Amino acid sequence: MELHINGTTHQVDADADTPLLWVIRDDLGMTGTKYGCGLAQCGACSVLVDGVVVRACVTPVSGVVGRQVSTIEAIEADPVGKRVVAAWVEHQVAQCGYCQSGQVMAATALLKHTPAPSAEQIDAAMINLCRCGTYNAIHAAMHDLAQGVKA
């Protein structure tokens with residue numbers, strides 16, 4: 001099947017119900033998207049499909065054929081994604097970093113759809129889990145981004 005990931009077309013030989021996560025990581029070698037829980041609850045596997053956050057661990061690869069998939073590897077090619085990464089660095093968000101690719105994807109999706117989100121919108125969108133507890137730094141970065149503070 002033909003997949004469009006990060007602006008490149010890839011031919012993939014996988015069963016239709018194979019989770020997108022495994023195709024991205026194992027078949028295409030893009031390891032920035034992480035496996036966390038396998039149940040679509042933690043968000044470590046978050047990618048954008050046509051600009052919407054999806055959990056790649058439970059998304060069948062057949063469900064993204066003909067759609068645009070973006071992973072963390074290409075997020076800085078997007079101006080909003082680049083601002084998010086800069087804010088993450090400015091606020092020293094990452095500790096272990098394992099969940100951060102999913103956090104950045106969620107933040108980018110929110111800001112692309114709602115450039116100046118309210119605190120409530122940030123809280124509703126930034127629901128990925130972080131074992132290191134970087135939530136305060138994530139929220140500080142998001143509030144700066146929502147207010148248009150240059151990171």
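Which residues does Met1 touch, not counting residues up to four places away in sequence?

1. Met1 touches His10, Gln11, Val12, Ala14, Asp15, Ala16, Val61, Ser62 and Val65, where contact means heavy atoms within 4.5 Å. Met1 sits in the segment before strand 1 (2–5). Helices (H or I, at least four residues) and strands (E, at least two) are DSSP runs, numbered from the N terminus. Met1 and Asp15 are 14 residues apart in sequence, and their C-alpha atoms are 9.3 Å apart in space. With a relative accessible area of 31%, Met1 is partly exposed; buried means under 20% relative accessible area, exposed over 50%, and partly exposed in between (1.4 Å probe, protein chains only).

2. On the basis of the model: it is predicted, local features need pLDDT of at least 70, side-chain atom pairs count only at pLDDT 80 or more, and totals for chains, interfaces and linings use all residues. Residues are numbered from 1 along each chain as its sequence is written, and side-chain values use heavy atoms, with hydrogens and water left out.

3. Helix 2 (residues 79–90) and helix 3 (residues 100–113) pack at an angle of about 130°, with their axes 9 Å apart. That makes helix 2 oblique to helix 3. Axes are lines fitted to C-alpha atoms, for helices over the stretch in contact, and angles run from 0 to 180 degrees between N-to-C directions. Angles under 35 degrees count as roughly parallel, over 145 as roughly antiparallel, 65 to 115 as roughly perpendicular and the rest as oblique. Helix 2 contributes Val80, Gly81, Val84, Val85 and Trp88 to the contact, and helix 3 contributes Gln100, Gln103, Val104, Ala107, Thr108, Leu111 and Lys112. By class, these residues are seven nonpolar, four polar and one charged. Ala, Val, Leu, Ile, Met, Phe, Trp, Tyr, Cys and Pro count as nonpolar, Asp, Glu, Lys and Arg as charged, and the others, Gly among them, as polar.

4. The axes of helix 3 and helix 5 come within 12 Å and cross at roughly 25°. Helix 3 is therefore roughly parallel to helix 5. The contact joins Gln100, Gln103, Ala107, Leu110 and Leu111 of helix 3 to Ile138, Met142 and Leu145 of helix 5. Six of these residues are nonpolar, two are polar and none is charged.

5. The largest nonpolar core has 23 residues, and those with the most contacts inside it are Val84, Trp88, Met126, Met142 and Leu145. Such a core is a set of buried Ala, Val, Leu, Ile, Met, Phe, Trp, Tyr and Cys residues joined through side-chain atoms within 4.5 Å. Helix 2, helix 3 and helix 5 (135–146) each supply at least two residues of this core; the largest share, seven residues, comes from helix 3. Leaving aside neighbours within four places in sequence, Met142 is in contact with Trp88, Ala107, Leu110, Leu111, Ile122 and Met126. A second, separate core has 17 residues, including Leu3, Ile5, Cys57 and Val61.

6. In helix 1 (residues 20–27) the buried residues are Leu20, Leu21, Val23 and Ile24. They pack against strand 1, strand 3 (46–49) and strand 5 (68–70). Gly29, with a positive phi near 75°, follows helix 1.

7. Two residues other than glycine also deserve a check of phi. Asn6 has a positive phi near 55° and lies in the loop between strand 1 and strand 2 (8–11). Gln92 has a positive phi of about 50° and lies in the loop between helix 2 and helix 3. Asn6 is partly exposed at 23% relative accessible area, whereas Gln92 counts as exposed at 66%.
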